[in-house]
Amino acid sequence: MPIAMPEPGQLALAIDDLTVAYDQKPALWDIDLEVPKGALMAIVGPNGAGKSTLIKAALNLIPRAAGSVLFHGQPYEAARHLVGYVPQRGSVDWDFPTSVLDVVTMGLYGKLGWLRRPGRRERAKALAALEQVDLVELAGRQISQLSGGQQQRTFLARALVQDAQIYFMDEPFAAVDAITEAAIVNILRELNKRGRTVLVVHHDLQTVPEYFDWLTLLNVEVVASGRTCQVFTLDNLQKTYGGRVASLHGGQVLAAGG
Amino acid sequence: MTERRVWQMIAALLMLGVLLLPLSQALFGLRLTYTVRVVALGGSLLGALSGALGCFAVLRRESLLGDALSHAALPGVAVGFLLAGRQLGALLVGAGIASWLGLRLVAAILRTTRIKQDAALGIVLASFFAAGIALLTYIQSLPDASQAGLDSFIFGQAAAIIESDIALLGGIGLAVAVVLALLWKEFKLLTFDADFASAGGLRGGLINALLSTLIVVTIVLGLQLAGVILMVGMLIAPAIAARQWTHSLEQMVVLAAALGAFAGGSGAVISALDSDIPTGPMIIVVAFALVLLSITLAPGRGVIWSQLRQRENRRNFRSRRLEPGA
Amino acid sequence: MMGLERALIEMLLQFVTRDELNAFLRSPQHTATLVGCLIAVCGALLGTFLLLRGLSLTSDAISHTVLLGIVIAFMLMTGAGLEGDTSSPWLIVGAAAAGVGTVLLTEALHRSGLVRQDAALGLAFPLLFAIAVILVSRFVDDVHLDDDAVLVGEIGLAWANTNSHCFEHCGVLRITPEHPAAQQTRQCANCRELGISPRDERAEFKEVCGNCGVYSPAQAWSAGLLDEAPTLVFFPKSITVMLVMTALTVGFVAVFYKELKLTTFDAALAKSLGFRPAALTYTLMVLVSLVAVGAFDAVGSILVIAFFIIPPAAAYLLTDRLSGMLLLSPIIGGAGAFFGYDLARGLLFGIFPVAEGIAALNAIFGLQLREAWDSSISASVVLTMFVIFVLVWILSPRYGLLASAIRRANSRRRFEDQVVLAHIHNHQGTPSHAIELQAATLHLHFRWTPQKMSRVLMRLRALGFLSLEAGSAILTQRGDAHVHAFRKHMLVAHNIPDIDPTQP
């Protein structure tokens, strides 16, 4: 793919020949992916394309069959403090007895290290993050009483307090209300402005050009990756999704991609 | 309930617990023999310990793991006896090892086959228990007469508790409290969101193993008192009751410990009042009564509360609909 | 029940003589194995559906709470002046009610929305069991309901608890005072009342018959009241009970096979098609309770769950078909019952002597354990089933540990080959060609050891898939074809379009 190759030092994330297999069936196949610092990138592809797998493999949550992943030129073990993670909302039990503020404070546990307990400073940081996602007044609320969108914003706030350089977000836009969607977009832009790198697993093709300046099309292999304006073409989308795209989104995608 | 109310409730429970023996002496004419005091103290300590750790078992959706692990301890008791004779230490170590092996076997079945958790637990439970029964039958056929009382591990025999057991329970309880306090945020994060914990650099496997070990230790200590069948109730009933009153994990664990201690103590007292009532089962009945009270009465979550709220909603709705016409 | 037994015996007598039948049934081994096999068949059939519905541990709960039903029915019966007997139909009704009660209590707890399913189960059955234990130790004083029998049971004694059936010389003997065999004695009628000795003159006497009453043929013969031996068959009660249970279970599964299959795999669809999944589930639970109580005498309340869980789990590792599971799991359970008896007597699968194992332990650890092994039959049956399960787990051709290990090793090798070929294919002819495909540094891209990489490269060259040109790996035509073939295969497996992103 003829993308302008950034300098190696400018790469936030460099994935090299990454292969992941579940039971020897490849879920990701020989992935090469380079994400420049400060990119706001969507990862898009059909169901089962390995989008979540890509994030989990990068974060060492599942074993890799081959390949390497570097964050700012360092392997994950050395770069943990650089990485923030927003898991899928459905991956936890929202009836867990804990408050919104508590969940956000969890983002600071990694920095605190063993044995030390969160104190006033951590509380202040967590409140500041809640301010950003507009949830301060719900800080003391039990998490089971949140709406889906509020849950998502809580997770986002937890990632924000991590104050990371590279963020991985797994389907943050899945089944949220319009207010939350707007709030998330604002935060993505804010992070982008502050020079942070953000990778978002995304499922809504129509909003891709509006929200993201970089795009990776994934379907077990990387179909295309680069600036959205270059990659977001009907041709590439058809390669990713097969003929289904044209029939689903028709002219809109064409117009958006052109 | 507000946070303060829950703390008040915990304090009241603890007061009640402390006053339990003098009160029942005054009200029901309980004779405070040495055995009664030791059993009541043992029951409370065990209740507190299993209540606190049971919270994590329940929240990790592993409520029934305790059942399998307590049954799995039985062959360990038998082997411990065969190797070292009737020494409590050997029996408990044997029980712990067998229970831990059961845990590994469940994990291995889940990892390498498509058998689901419930069946895997059932396989381990039944086959380990069968091994225990086979070994106990074999032991009973041995000429050595000192095997008497080994089957008290099946049903539990509170009267067999002696002072050194209390010291053991107290010591382990203290150790568990210290570990919980030190690794509180790790346990909490791992229980809530294991993926996020691992991504943030937490050694998930290690913490997991530590938590499981604590639960196994509690079960093994509880066998003498509650027996293999009822142990699962001791583990999860206080936790489920506590969950209804509070929305914070800290309070849930402390409250579960207090409720567990209360159930343990009062179960022991009731069975002391009538010598035909066995202690372990009575503790379970009290613990379940606490659960029932909690899920009906707890403000905010309880059944009565939500019924009232529903009725109020309906009334509001109806009056609002009537307003324009009125 | 008696009529049924008699019909059965008459049928059997068509094939064997009466003496042969009696001799067969009097052997503890035969009866134990037969009862064990019947329990195994019931358990395996019902357990298959429990396993597939994720309800295996419900059988655990039910088998414990059945005790509560038995105890309550027992107390009611003794209260009403009836004789308590663990095979009485009222106890069975009580047990079935308790089983359904467990399920209802669990569902009520779960439906409150405050307690999760597994936790609800974990709450319900210790409670009901605890109540049962309290009732037993508080109110019941009977050997049949003592703690040990509840938990373990002894299938080895099943042969001794029999009904007798008479076929010849059967006249029921009624001894009245006029009967020649009647033993009359004189007794003082008012001695105790007046506090006098029989020799006192005020004593009044009456004739009392010491052995009057109604004698069954078996009793009459053993009391020496008959000249001619009646033709008797002694039939163990457990066999009859379990035969009835087996007939019910097999009938239920055969009649409702289609419905059970549908509700097990897709309850929602079944409901929309007008079936009643809830009714079926409750029937299933009633049957589980019935089998649990039928097996109560023989194997006790904990070990019976092994019959519900272990054979279906083993069958689940052997076959993918419901019909296959329903066929295999009774066979596995039956084999457990068959070989279990030998294990209790010290022979694993009738071949390996346990005594030698104990002797070896004694030798290694310097212990002095008795080598003769003689243990609980019920527990041994369960252990045998577990051994079979472990053997299946290791050896199953499809899902066994061994088969998967071999398959994994094979496919890892193929997989490594494919990864390297795909890498070369993707970078061949691109600007980064020279960097990416240097054979000497190729391993760095994969984070593999150089040894592993050279092993793979050697294999690929031997297969004729690639060649080395100026230190760079290049696909041969054959290698290229292989990559494309695999790509097609992989993409079909993923159901995604076959478009090669490296093609323009």
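The questions below go from one interface to one chain and then to one residue.

Modeller: Ground rules first: this is a predicted model, where local features need pLDDT of at least 70 and side-chain atom pairs count only at pLDDT 80 or more, while totals for chains, interfaces and linings use all residues. Residues are numbered from 1 along each chain as its sequence is written, chains are lettered from A and ligands numbered from 1 in the order in which they are written, and side-chain values use heavy atoms, with hydrogens and water left out.

Colleague: What makes C:Arg116 and A:Asp93 a salt bridge?

Modeller: The term asks for a side-chain nitrogen of Lys or Arg within 4 Å of a carboxyl oxygen of Asp or Glu. In this pair the closest N and O atoms are 2.6 Å apart, and a salt bridge is what C:Arg116 forms with A:Asp93. The count between chain C and chain A is one.

Colleague: Which elements of chain C give two or more residues to the side that touches chain A?

Modeller: Those are α18 (401-427), α20 (442-446) and α22 (477-494) of chain C. α18(C) gives the most, with ten residues. Helices here are DSSP runs (H or I, at least four residues; strands are E, at least two), numbered from the N terminus.

Colleague: How many residues are in contact across chain C and chain A?

Modeller: With contact meaning heavy atoms within 4.5 Å, 25 residues of chain C meet 26 residues of chain A. Together they bury about 2,200 Å², 55% of it on carbon and sulfur atoms; that is the accessible area (1.4 Å probe) lost when the two parts are put together, summed over both.

Colleague: Why is A:Asn236 called buried?

Modeller: Buried means under 20% relative accessible area, exposed over 50%, and partly exposed in between (1.4 Å probe, protein chains only). A:Asn236 has 13%, so the residue counts as buried. A:Asn236 lies in helix α10 (residues 234-241) of chain A and touches, among others, A:Leu217 and A:Val231.

Conventions
Lists of a residue's contacts leave out its neighbours within four places in sequence.
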